[in-house]
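Biologist: Could you take a close look at one part of this model, the place where its helical elements meet, and explain how each term is defined as you go?

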Amino acid sequence: MNRSYPVSARISEDSKIYLDRLVEMGIAINTSEALKLCIRYAKQKKMEEEL
């Protein structure tokens, strides 16, 4: 059986630092929410490029 790891365990150290900065600036309440915001932003940008 494969073991599942949280997404935060699979991202680079630079990305962790960026997510921590978003939390420090008050944009997100924790790194999990910061990651969700980044994913949502990326999806929105991709949709805008396709238009």
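Modeller: The expected span of a helix is 1.5 Å times one less than its number of residues, and helices here are DSSP runs (H or I, at least four residues), as strands are (E, at least two), numbered from the N terminus. The model is predicted, so local features need pLDDT of at least 70 and side-chain atom pairs pLDDT 80 or more, while totals for chains, interfaces and linings use all residues. Residues are numbered from 1 along each chain as its sequence is written, and side-chain values use heavy atoms, with hydrogens and water left out.

The protein has 2 helices and 0 strands. Helix 1, with 12 residues, reaches 16 Å from its first C-alpha to its last, close to the 16 Å expected at 1.5 Å a residue. The axes of helix 1 (residues 13-24) and helix 2 (residues 31-50) come within 9 Å and cross at roughly 105 degrees, where axes are lines fitted to C-alpha atoms, for helices over the stretch in contact, and angles run from 0 to 180 degrees between N-to-C directions. The two helices are therefore roughly perpendicular to each other, a label for angles of 65 to 115 degrees.

In this contact (heavy atoms within 4.5 Å), Tyr 18, Leu 19, Asp 20, Leu 22 and Val 23 of helix 1 meet Thr 31, Ala 34, Leu 35 and Cys 38 of helix 2.

Between helix 1 and helix 2, the loop holds Asn 30, whose C-alpha atom is separated by 8.3 Å from that of Leu 19, 11 residues apart along the chain.

Methods. Angles under 35 degrees count as roughly parallel, over 145 as roughly antiparallel, 65 to 115 as roughly perpendicular and the rest as oblique.
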